[in-house]
Each structure stands twice: as structure tokens, then as C-alpha cells.
Amino acid sequence: MLNTLIVGASGYAGAELVNFLNRHPHVNINFLAVSVQSTDAGKRLSDLHPHLKGVVDLSLQPLSSPTEWADHDIVFLATAHEVSHDLVPKFLKDDCVVFDLSGAFRVNDSEFYKQFYGFTHQYATWLDRAVYGLAEWNHHKIKEAQLVAVPGCYPTVAQLALKPLVNSLLLNSNQWPVINAISGVSGAGRKASIHTNFCEVSLQPYNLFNHRHQPEIVAHLGVPVIFTPHLGNFSRGILATITCRLQPDVNRADIVAAFHNAYHDKPLVRVYQQGVPSLKAVVGQPFCDIGFEVQDEHVIIVAAEDNLLKGAAAQAVQCMNIRFGFPETQSLI
């Protein structure tokens, strides 16, 4: 049994982590933590997330002392970027394997954090050693990692849709892929805000040319993209519509082959033979679904995922399963 600590368990992604890990046969959750200042400290998780009543009734404890970190094999951080930045090296020093769901170690470029996250990164060594947890593409590195930086929700869906075509050299580099993606409001977290108040939310793009996930996508995809995120008036899920120009001699069969070669043995990516996915197919599920249509020299790819699951908690657990040699879908399906 792997003794496990979850920090930030009161949030949406944190609660999903708890749900998956609670039913994992090789995991023992022995500490659910929140920050010392959190108003959730001392409350039962199931009081905040009623679907866990009678399932996980553990109390949320303030993470106030290093002695509370002892004897944990695994740590999951569902915390703010700056918090993860400070906590990760402390857990690594105690030989924990860390799965960080924040953006604090996703991109090996200190300038990236100054520009897009507003803080100066202090741990260049761990930036260099962190393994990017895009599970279907970094399997071998994840198996050896002490620190796994779980990708953002938008970068996960965008990269899973594009990587097979990029790596197979099927795209025309003269035209950048254009990614339009809509996310539910849970992507903004559980903290109250007028911008995510359900009565105020309307379908709207935001952070045009300036979203922090754009450089994350580019850094790991290896090609420039135009990325426009949208906030949708629904609670969870991401739907991405991606338009690309193909090389002149590429046809539908080439694209089918690229997706098949990439994902035929990857159980959490489902490629449609006909049609395109919708949110209904993936909300509450750990999958990324991908479909596409081709016309002349263009392909439109549609990809969908649950932003809290394949875009966060489910992918973190998938990475844990890979790291410790468990079946990849253990406790997820």
C-alpha cells in the first residue's frame, strides 16, 4: 500500500483525486490537507462535496508542519501554482514521489513563469528534472520520475488531438493550427468570483493571444499554434475545435493511420471512426475523445475531455499507475 497525501483536497480537482484514489487497491489515503489559512480546514470533505458522503468522510487538516509530511510515499498537489512551487522541493527532499497538478513545473523556462505566472521560479534544477505528465506520450519518462508535472486541461486536449499529425509530419507548417476551445466554469476553481458566478457567465472568449496555456502547448507540441480559450455557461468539460492545413499529398487514410498508430493501445483516448465527439460523451469520464473531418487540404479535429478528469485528476492518477507499474486504468474505469 502506498501512503498518500493530497494537498488541496477541498477543490474540484482535489475531490476528484480523492474519489479515484479512495477506490484504488494499492493506495492508502492517510492525510487530506488544505492550507493553514483555508476556511475549509477542520471540515469533512464530504460536507463540502456531498457525493462523497459515506464514501470519504475524512476531515481536511491544515498543512502546518513538516512532521505531517513524514511517511508518505506519494503526494498529490492540487494547489495554486505559487503554493506548489514552494511545496514541491520540500516533499522531494523527503523522497516522496510528487504529482503536481499546478503549472509550477510544466515548462522548463524560468522566463515563462515571470511572464505568465507572475513569480520568479527558484528551482531550476527541478524544472529540468520534472517529467511532463502527458500520459500517452511520456510513458517511459513517467515510469522513472520523482516529479510529474501534470499538464493543464487545455494543453492536454490540444496536444492529444494534434501530436499524431505533428509527429507524422502531416501538417503544412505555413499555416499554424488554430485551436478554439470552450471550458466549463469549474476550470477556474472553487473559489467564489463574479466572473464565474453562474448567473453572470455567458459564452465568451478570454485572454486573447495571452493565455498561459498557449506557450505550454507550443513548448511540448513543438510547433506554433493560435489558441483561443472560451468560458462556457456549463460546469465542466472542454470541447476543442482545431483547424489545420495538411501537406498537399495527405489524405484521410494518412490521418486515420496516424491516430491509430498513436492511440490503438492507449485505453483513455478514444478515436471516432465516424462523426465527432460532444461533451456528453466525456463529462464524468476519464477519456479524451477525438474525431475529425477532412476536406481538400484542411482537417478539422474535434476533441473533448472532462477538464477535471482527463484534464486534471484522472490524468494524475493515470500517471501514478504508470509510475508504479499498475494497470493504466486502475480505479479510473
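## Close-up views of a predicted model

View 1. L169 counts as exposed, because its relative accessibility is 66%, over the 50% cut-off. This is a predicted model. L169 sits in the loop that runs between α7 (153–167) and β8 (178–183). Its phi is near 60°. That is a positive value in a residue other than glycine.

**View 2. N207, a second residue with positive phi.** N207 is not a glycine, yet its phi is positive, at about 50°. Look for N207 in the loop between β9 (204–205) and α8 (213–221). Is N207 buried, exposed or partly exposed? N207 counts as partly exposed because its relative accessibility is 41%, which falls between the 20% and 50% limits.

**View 3. A nonpolar patch on the surface.** Four residues make up this patch: W176, L208, F209 and I226. Together they have about 480 Å² of accessible area. W176 belongs to the loop between α7 and β8. W176 has 44% relative accessibility, so it counts as partly exposed.

**View 4. H230, a buried strand residue.** H230 is part of strand β10, which covers residues 226–231. Its relative accessibility is 15%, so H230 counts as buried; the cut-off is under 20%. Which residues does H230 contact, leaving aside its neighbours within four places in sequence? They are Y154, N180, A181, I182, S183, L203, Q204, P205 and Y206.

**View 5. The largest nonpolar core.** This core holds 42 residues. I6, L17, L21, L32, F76 and M320 touch the most other members. Several helices and strands each supply at least two residues of the core. The strands are β1 (2–7), β2 (27–34), β4 (74–77) and β5 (97–100). The helices are α1 (12–22), α2 (45–48) and α10 (309–324). Which element gives the most to this core? It is α10, with nine residues.

**View 6. M320 and its contacts.** M320 is one of the residues that touch the most other members of the largest core. Residues up to four places away in sequence are not counted here. M320 then touches L21, H24, V27, I74, F76, F99 and F326. Among these, L21 and F76 are also listed with M320 as touching the most other core members.

**View 7. Another nonpolar core.** A core of 37 residues lies apart from the largest one. Its members include V157, A240, I255 and C288.

Definitions and conventions
Residues are numbered from 1 along each chain as its sequence is written. This is a predicted model: local features need pLDDT of at least 70, side-chain atom pairs count only at pLDDT 80 or more; totals for chains, interfaces and linings use all residues. Side-chain values use heavy atoms; hydrogens and water are left out. Helices (H or I, at least four residues) and strands (E, at least two) are DSSP runs, numbered from the N terminus. Buried means under 20% relative accessible area, exposed over 50%, partly exposed in between (1.4 Å probe, protein chains only). Patches are made of residues with over 30% relative accessible area and no salt bridge: like charges are joined within 9 Å, nonpolar side chains (Val, Leu, Ile, Met, Phe, Trp, Tyr) within 5 Å. Accessible areas come from the Shrake-Rupley method with a 1.4 Å probe; for residues, only the protein chains shown count as cover. A salt bridge is a side-chain nitrogen of Lys or Arg within 4 Å of a carboxyl oxygen of Asp or Glu. Contact means heavy atoms within 4.5 Å. A nonpolar core is a set of buried Ala, Val, Leu, Ile, Met, Phe, Trp, Tyr and Cys residues joined through side-chain atoms within 4.5 Å.
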